[in-house]
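Subject: Structure for you to look at

Dear colleague,

Here is the structure I said I would pass on. Please open it alongside this message; my notes follow below.

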Amino acid sequence: MSKGNPAWKLVLTVLSILLTIFVWTKGLQESFDRPSVNPTLSLHQREISVLAEPAFPDPLKELFFASDPLFDLKSSLQEIPLDQISERNRLLLANLDIPKDDKDALLDIDFKDNVLRKVKLLVHNELTGKDAFKNDISKLKIIKDDPLLYQTSCFSLGGTKENCIDQDLSKKMRTRLLISQSFPFLGVVFGIVLLIRQLWILFSNNSKPWPQLISLPLSLVDMTLLVAGGFVVLGEVLVPAIVLPLTIPITKVFSQPVGDSLKVLIGYGAMTFPPLIILRQQIKSLRSFEVPPQGWLQWRLRPFNSAIYKAIGGWLMILPLVLFISWLTNFLFGDQGGSNPLLEMVLNSKDPLALSLLVFTTVVFAPLFEELIFRGALLPVLAKKFGLWGGIFLSAFAFAVAHLSVGELPPLFVLGVGLALMRLSTGRLLPCVLMHSFWNGVTFFSLLLLGG
């Protein structure tokens, strides 16, 4: 605001900045210790490829499979350190064509899972000197809910394609594979076309001027208190530390996937509470100012259809740029890890209620809150103080760092730039929320296709 800031506000601002630097630095450092979800995604994709391959006509196999899917699967499994590979993947790799010494090393442990122990004795009983069930494929029904392990175990027992491959399942996996591969490809193609079109409009001077920027008449001190004090110090540290222990009796009532998803939802809700209260008080303090016709935050819910079209177009245009930056980062620096734990939860969860809670958190709750803070309040103030591009880059940087993942920092920064451009070019906040929801929703859908 135009008047000077009192001393207590300046002291709180400095403390908030220092604590935020500490929290974000520590969070980014800890992200190096979190595993990346990329190897798991790659492994799931290759498992689906093995199951789907029999359903593809021979002329199309060369188009969709650069090499033998079984060979690719074996290569992925062999990249997992022996002390980190799961019991299920030990059996899976042992079923494939590998040297006997490697197979012995994989199976030379006491399997804790009773079902997998039985499969090990059934399929690989030459290691124990027992041949009673060597050709008894019917006993593999105990792993029917794991089609890939069943298929590879069946072939290891001398089975044929007729009794080892489930043709109906193979067709379903073919559909999943086609969608998971074609959807991103088509999205990138359409996105590049739209980007070229947008650049042509820009350089031919046919682009329409951006709407007038409406900014909350607040100072950088106020924004610092909102983001650093409310979002980080109170939202990410203090309130969750108080609330999450109180939720343990509630989450324990449910099974683990549902309880974990509920914990995520409650934790995210607790995080949003302080900054939303601060923002509400800041807006209430502006009573002496005339409220713009479109409101301080420019939600502009109508026309809703145009907001959807803008959001889809923005999502398509930012998709190839984010994917390129992700590829370039991995190419130059390798996989830095630090994937959002939610990705692993979605990938491995099969519980409908748990997935529903995660969908609400990631596709509805997170976009609404994050766009309100970063593009609704922060971006216009920064753009007024540092110019449009200064505001775009600073808000995108804060958005990316707030996710506390070194590996995801570059692509999230690019996504933040795209969302900021959407906000400024449309003069509306709703398209940003929808674009963010589409991004999270497509990611969620892709994980569902590859999971299970």
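K74 sits in helix α4, which covers residues 69–78. Is K74 buried or exposed? Its relative accessibility is 16%, and because the cut-off for buried is under 20%, K74 counts as buried. Beyond the neighbours within four places in sequence, K74 has contacts with L93, L96, D97 and I98. Another lysine, K139, is 65 residues away from K74 along the chain, and their C-alpha atoms are 25 Å apart.

Please keep in mind that this is a predicted model. The average pLDDT of the chain is 88, and 96% of the residues score at least 70. One stretch to treat separately is residues 127–134, where pLDDT stays under 50. For that stretch the model has 14 contacts beyond four places in sequence.

Now the chain as a whole. Its secondary structure consists of 18 helices and zero strands. Along the principal axes, the C-alpha atoms fill a box of roughly 85 × 55 × 35 Å. The chain has 452 residues, of which 45% are buried. Among contacts with a separation of 6 or more, 75% are between residues 24 or more positions apart. The accessible surface is about 23,800 Å², with 66% of it belonging to carbon and sulfur atoms. As for charge, there are 41 positive and 36 negative side chains, and the centres of these two sets lie 13 Å apart.

Which residues touch the most other members of the largest nonpolar core? They are L216, F374 and L415, in a core of 50 residues. The helices that each supply at least two residues of this core are α1 (7–31), α11 (220–251), α12 (256–284), α13 (304–333), α15 (352–386), α16 (388–401), α17 (409–426) and α18 (430–450). Of these, α15 gives the most, with nine residues.

Not counting residues up to four places away in sequence, F374 touches F231, L379, S395, A398, F399 and A402.

Regards

Definitions and conventions
Residues are numbered from 1 along each chain as its sequence is written. This is a predicted model: local features need pLDDT of at least 70, side-chain atom pairs count only at pLDDT 80 or more; totals for chains, interfaces and linings use all residues. Side-chain values use heavy atoms; hydrogens and water are left out. Helices (H or I, at least four residues) and strands (E, at least two) are DSSP runs, numbered from the N terminus. Buried means under 20% relative accessible area, exposed over 50%, partly exposed in between (1.4 Å probe, protein chains only). Contact means heavy atoms within 4.5 Å. Accessible areas come from the Shrake-Rupley method with a 1.4 Å probe; for residues, only the protein chains shown count as cover. Lys and Arg count as positive and Asp and Glu as negative; His and the chain ends are not counted. The place of a charge is taken as NZ of Lys, CZ of Arg, CG of Asp or CD of Glu. A nonpolar core is a set of buried Ala, Val, Leu, Ile, Met, Phe, Trp, Tyr and Cys residues joined through side-chain atoms within 4.5 Å. pLDDT is the predictor's confidence in each residue, from 0 to 100.
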